[in-house]
Structures are given as structure tokens and as C-alpha cells.
Amino acid sequence: MIEKDVVVKNRAGIHARPAASIVKLANKFNSDIKIEKDGDEINAKSIMGIIALAATFKTELKIIAEGDDEEAAVEALYKLFENKFEEE
Amino acid sequence: MKKITVLDLLSLDLKENDDLQLKCIAGRKGLGREITVPHIDRPGLELAGYFDNFAYQRIQIFGRGEFAFIKKIIEENNMASIEKFFTFPFPCCIFPYGATPEGFFIEQAEKAKCPILQSPLPSPEFLGRLIRVLENIFAPQQVVHGVFVEVFGIGILIKGKSWVGKSEAALELIERGHSLIADDLVEIKRARGNYLEGRGANAFFGHHMEIRGLGIINITHLFGVGSIRDSEQIQLIINLETWDPDKIYDRIGTTEMTEEILGVHVPCLIVPVKPGRNIPILIETAAKNERLKQMGYYSAREFNRNVMKWLETDSAGDSNE
């Protein structure tokens, strides 16, 4: 299992479009991928779950992946967050 | 450890039969005091001057007896116990019956910054509601990934990996007249006893679904208010998984499987999914079968009993001849 902390860097927060990009990316991996906020874990392959996280600008999250491609999964998602979901 | 403040208690949005009708009559500065336990205390002994084992973490309730006693000791000018009472950091005092305590008591509360709340309800009714409300707030809870639907009166939690078709199965069930409680994130609470209650984890997104190819849809608008529910008891768990040819699935159903959530065992089924299997109909049938079981009739066991009976009689032997 691999964990990595990330911070939401785009000003609009995780609304529907960023959530869709996260899910799209997460679904490319076999690993179980979760995103944690304040102790609540949600499945990173579910759009509604990610939107319901209510992650706004500067929210601290944790990406957790477990499976055969966990390393690549966490790294790819981390990059997506760092690139501000290619929004700004 | 979960906690709420007295202000949270005052601003809870409660439905009619749980409405506490509380208002703050003194000690507003203390509304930030925290409630950390779902219990209440009647401070009769403390008012009489006995403070050993004082459960000061609890909300203090003053019924008619305690109310009359305060009045009496204040008239007798014997206020030491009230002064000492307010040195403890209990969350708040509540007076049912709409009773307002004597001026001295209020002054002490203001000085100690301790909120005094009042409710017009009679104390037995008030206590019942308050305990219900507190137990609900402090009930153990957990959020699970799945779809929660109600089918023929049975609350069914459908679980499984992404892509296995949980939402699609639920959508067809809704189309067939059953109702949706929550999609994706289901918040489960263990209410009194062994009772699991499930609802949408986020009230704001309640009753929206994400269907691949369609996007996010609003079930209330599409199917009407009759197709949704706010909460329901979880009575059956159905795990959908992709068909694994090497795995042996239950073919008879005489063994009852359960899954544990928050210490409660819920009957569960594993249903393999592959093209050509109509999952919504399987779920409907499972719901009806679960109802039969709750009524004491187990189809599979009954069938097996009949087979054994038949084997014992001569007719089985005859047919072999």
C-alpha cells in the first residue's frame, strides 16, 4: 500500500470536471485507489464520492493505492493534482 | 470521540416527533460548551450537597422535583450547594415544563457562563426525545461504498467494485417502482440495539446517480418523489462481483451468510454478474426471499426437508426400480 499527501491547488476546488478527470485516470489502474479527507475515505473510482468530499482550494487530501500498479497510480494522480487538473 | 456543542444541540434540525423545542434563557456565553456523552443526569443529590461521583460530563436535567428543591433551598438561604454545583464544567442545565428557575440560580449560571435551556415539553416526553436525539448523534457510524435501495420493503445494500453495474441495477429497480436511498456513499449508523440505518452520506447530493454514458442524473426529478427515501434499515447486503469461473457459488442457499457492519450481522449474498444475468430481477427475488425468511419460511431448507422426507419413504426406492 502506498500513500501520498496532496493539496488541492486549483481555485475552484474539486467540482464535477476535476472529479471526472480523477475518476478517468483512476480507472486506468487495477489498484484499489482511495482518497482520504479528515479520516473519511472514498473510492477514487467513483465520481459522486469525489464530489461529495467537498474538497476546496487548499484542502489537504491523501491518495492511497493498493494493488499491482499502486506506485504508478499514486504518482499519476499526484501529477494530476499538481497540474491543477489542467484548469488554470 | 464524537462531540457537539450546546449550540449545536439548540440548532439541530429535528423532525416533529423529535423536536426538543429548546431555547436558551441564560448563560449564552457558555453555548460553546461541549457535550461528549449521550447520557443525562438528574442533579438531585448534588443540590442536596452530595458531590461524590457527580456525573458532570452529562447534561443536567431539572424536573419538577429538582425545580421545587432549588426554590426551597433558595428561600431558606442555603445556597452553598448551588454555588458549588456551578463550579463543575457540565455542558448545560435544562428545565422542562417551561420552568424558569429562581433569580439566584440564573445569576450563578451567568457568572459561571453555563447555559440554561428551557423546553415547554413535560419531562417524561422531553427525556425520551433527548435520549433518542443524543443516541442518534453518538451512534457508531461508518460510510461504505455502494448503492442502497428499498425493494419490497427490504433495505438492500448493493456492494461491489466500480464498473460491476451497481448503479445500473439500482436504476432498473427504480424504474420497476422500487426506491433509491443513496447512491455511491452510504452512511450507516447503528441505532439502538442491533439496528443498522443507512442514508446518503451527503444530504446535498442525495438522490443523484452517476450512470456511465449518461452522466449525473437526478432521480427525484426523473422518477418522482415516490422513487426516493431518506433512510431505511439495512436488512440485506448483496455483493455483486464479476463471474469467476474458478469460484464455487452457492447453488442451494441452505447456508446463511452474514456480513458484519458496526458489530451487527446482516444477511448477505454473493451474486456473480455476467452478460445475460438479469441482476434487478435477481435482487427483487432475493428481497422477496428475505421477507419469507423473516416470516420464518426458508425456501431452500424447506425444499431440502422435503427431499429428505421423500428419500425416507418408499417412493424414492420405487422410482429407482
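Two strands count as paired if DSSP finds at least two bridges between them. Strands (E, at least two residues) and helices (H or I, at least four) are DSSP runs, numbered from the N terminus. On that basis, strand E16 (residues 258-261) of chain B is joined by four bridges to strand E17 (residues 264-273) of chain B, and the two run antiparallel. This is a predicted model, in which local features need pLDDT of at least 70, side-chain atom pairs count only at pLDDT 80 or more, and totals for chains, interfaces and linings use all residues. Residues are numbered from 1 along each chain as its sequence is written, while chains are lettered from A and ligands numbered from 1 in the order in which they are written.

**Sheet of chain B**

- Eight strands of chain B form an open sheet with mixed pairing, in the order E14-E11-E10-E8-E9-E15-E17-E16.
- Its edge strands are E14 (231-233) and E16 of chain B, each of which pairs on one side only.
- Neighbouring strands of this sheet are turned by 40 degrees against each other on average, direction ignored; axes are lines fitted to C-alpha atoms, for helices over the stretch in contact, and angles run from 0 to 180 degrees between N-to-C directions.
- Ten bridges pair strand E8 (residues 141-151) of chain B with strand E10 (residues 179-191) of chain B in the antiparallel sense, and B:His145 has B:Leu185 of E10(B) as its bridge partner.

**Helix H7 of chain B**

- Helix H7 (residues 166-175) of chain B lies across E8, strand E9 (154-159), E10 and strand E15 (236-242) of chain B, at about 35 degrees to E8(B).
- Among the buried residues of H7(B) are B:Lys166, B:Ala170 and B:Ile174.
- Just after H7(B), B:Gly177 takes a positive phi of about 100 degrees.

**Nonpolar cores**

- A nonpolar core is a set of buried Ala, Val, Leu, Ile, Met, Phe, Trp, Tyr and Cys residues joined through C-beta atoms within 7 Å.
- The largest such core has 62 residues, and those touching the most other members include A:Ile50, B:Val149, B:Ala170 and B:Ile238.
- E10(B) gives the most to this core, with six residues.
- Apart from it lies another core of 22 residues, among them B:Leu9 and B:Cys114.
- Leaving aside neighbours within four places in sequence, B:Ile238 has contacts that include B:Ile156, B:Leu269 and B:Ile283; contact requires C-beta atoms, placed from the backbone, within 7 Å.

**Contact between the chains**

- Eleven residues of chain B are in contact with eleven residues of chain A.
- On the side of chain B that touches chain A, the largest share, three residues, comes from E10(B).

**B:Gln60**

- B:Gln60 is in strand E5 (residues 59-61) of chain B and is buried, because 24 other C-beta atoms lie within 10 Å.
- Not counting residues up to four places away in sequence, B:Gln60 touches B:Asp41, B:Pro43, B:Phe90 and B:Cys93.

**Confidence in chain A**

- Chain A has a mean pLDDT of 89, with 99% of its residues at 70 or more; pLDDT is the predictor's confidence in each residue, from 0 to 100.

Key: Two residues are in contact if their C-beta atoms, placed from the backbone, lie within 7 Å. A residue is buried if 20 or more other C-beta atoms lie within 10 Å of its own, exposed if 12 or fewer, and partly exposed in between; C-beta atoms are placed from the backbone.
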